[in-house]
Amino acid sequence: MTKKLNGAIILIVAVTLLAVIVGVVGGMRGGGDIDRFAPDNFAELRQPHGLDATTAHGQVSVEHIRHMSDYLYNRFPFSYKEMFAAEWIVEELLAMGYTWEHIEVQEFAFADVDFFPVPMHGASEIPDSVLMDSMALMMPIYFLLDETPFVNFNTRASRQSQNVILTIPGQSENTIIVGAHYDSVLYPGASDNASGTALLLESAQRMKTIDNYYTIVYVFFGAEEAGLIGVTYYVNSLTEQDHDNLLFMLNADVLLEGPDLFYMGGYYRDGQSGSNHITETWDEVARDVNAQLDVNLMPWPEGVFGPSDQLAFLPHGHTAMFMIGLDALQYWHDGATLEYMLGMARVLHSPRDDFHYINENWPGKMEQNMMVFSVFLEELLLAEYAVHTN
Ligand SMILES: [Zn+2]
């Protein structure tokens with residue numbers, strides 16, 4: 001009896017030890033985390049948002065913003081909350097009917113990208129001073145991220161983050177990259193940047209029913225707020241062929257700061273934002289959308305050097321656009337810079353960057369901004385562009 005019991009205890013201990021060893025080794029494979037993005041973890045599909053040709057542009061985006069603000073707030077770079085947001089994005093894409101054939105989760109660790117990643121990588125001809133102005137806005141967050149024992153950002157032990165990538169092949173190999181970062185600072189991040197994330201999700205869902213000539217690559221970037229780390233990792237992962245195929249990059253960030261809607265498009269030329277056939281086509285599209293919707297999308301070419309993900313594409317000679325919604329016109333003066341405007345921002349990087357705060361203080365603005373940017377993005381994706389040369 002006793003012997004039998006001892007045997008049973010030894011067996012239980014042995015099985016437990018084995019389970020612990022398997023668990024630890026299994027965990028180590030994922031750099032300290034379990035394999036969160038294994039396709040099997042996403043076997044259960046949710047219902048997609050109902051969306052057809054008659055659904056008003058922006059409507060689905062607003063629902064996505066509400067969800068991220070209420071349930072996925074504080075998506076700090078390299079945190080568990082950021083990871084949950086990435087999982088949710090994957091779930092949404094699967095619910096729309098996209099498959100793992102076209103979805104990729106690109107995981108990376110904090111240590112994979114250097115400090116001030118943009119100026120330090122690639123054959124950059126952009127003076128560091130131009131980039132430093134932009135990056136300076138991000139510095140305080142960067143320093144808070146690492147090795148600050150008295151602040152708990154829910155950082156993952158593995159210090160991992162991830163980009164979620166959806167590729168929709170077109171007839172042409174020429175590619176349009178559409179990007180938005182889904183991480184945030186410590187707040188709900190409704191405008192910065194659930195708004196851009198939601199815009200991409202709505203666009204991806206709409207493109208399910210529309211033929212695209214160009215190949216479209218949606219990239220939901222992680223770890224933007226820590227210094228453009230996700231996008232830098234992504235750009236470094238592109239092959240020469242990828243760079244050759246890239247027609248341009250569109251970035252959506254901070255779409256709800258105010259009612260003044262800007263598109264900041266260009267590429268780096270002699271210390272300034274250059275124009276080319278692509279930016280001219282963008283201007284035409286904007287004029288069309290403005291006439292069609294009776295709105296006022298405004299060009300602001302210098303803003304392409306603003307502190308967001310499009311910045312990482314400029315040192316490679318690419319043409320890029322930064323879409324943003326600011327409360328700018330009331331503060332406008334000659335020589336006003338984007339950095340100055342961002343300094344005047346009322347909700348950016350504050351607890352006010354919340355779905356409900358924005359809705360209560362500016363009723364209807366969210367619907368309006370998301371509607372205009374959704375139409376604009378779709379027209380940009382479907383426009384015809386001449387041969388890819390600067
Ligand atoms: Zn942002």
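Tutor: Begin with burial: a residue is buried if 20 or more other C-beta atoms lie within 10 Å of its own, exposed if 12 or fewer, and partly exposed in between, with C-beta atoms placed from the backbone. This is a predicted model, in which local features need pLDDT of at least 70 and side-chain atom pairs count only at pLDDT 80 or more, while totals for chains, interfaces and linings use all residues. Residues are numbered from 1 along each chain as its sequence is written. Of the 390 residues in the protein, 44% are buried.

Student: Which residues of H3 are buried?

Tutor: Helices (H or I, at least four residues) and strands (E, at least two) are DSSP runs, numbered from the N terminus. The protein has 13 helices and nine strands. In H3, the buried residues are Glu 82, Met 83, Ala 85, Ala 86, Trp 88, Ile 89, Val 90, Glu 92 and Leu 93.

Student: What covers the buried residues of H3?

Tutor: Contact means that two C-beta atoms, placed from the backbone, lie within 7 Å. The cover includes helices H2 (59–71) and H7 (190–207), along with strands S1 (103–109), S2 (160–168) and S4 (215–221).

Student: At what angle do the axes of H7 and H13 cross?

Tutor: Axes are lines fitted to C-alpha atoms, for helices over the stretch in contact, and angles run from 0 to 180 degrees between N-to-C directions. Under 35 degrees counts as roughly parallel, over 145 as roughly antiparallel, 65 to 115 as roughly perpendicular and the rest as oblique. The axes of H7 and H13 come within 10 Å and cross at roughly 50°. H7 is therefore oblique to H13. On the H7 side, Ser 195, Ala 198, Leu 199, Glu 202, Ser 203 and Arg 206 meet Met 370, Phe 373, Ser 374, Leu 377 and Glu 378 of H13.

Student: At what angle do H10 and H13 cross?

Tutor: The axes of H10 (residues 277–293) and H13 (residues 365–382) come within 10 Å and cross at roughly 135°. That makes H10 and H13 oblique to each other. The contact residues include Trp 282 and Val 289 of H10 and Phe 376 and Leu 380 of H13.
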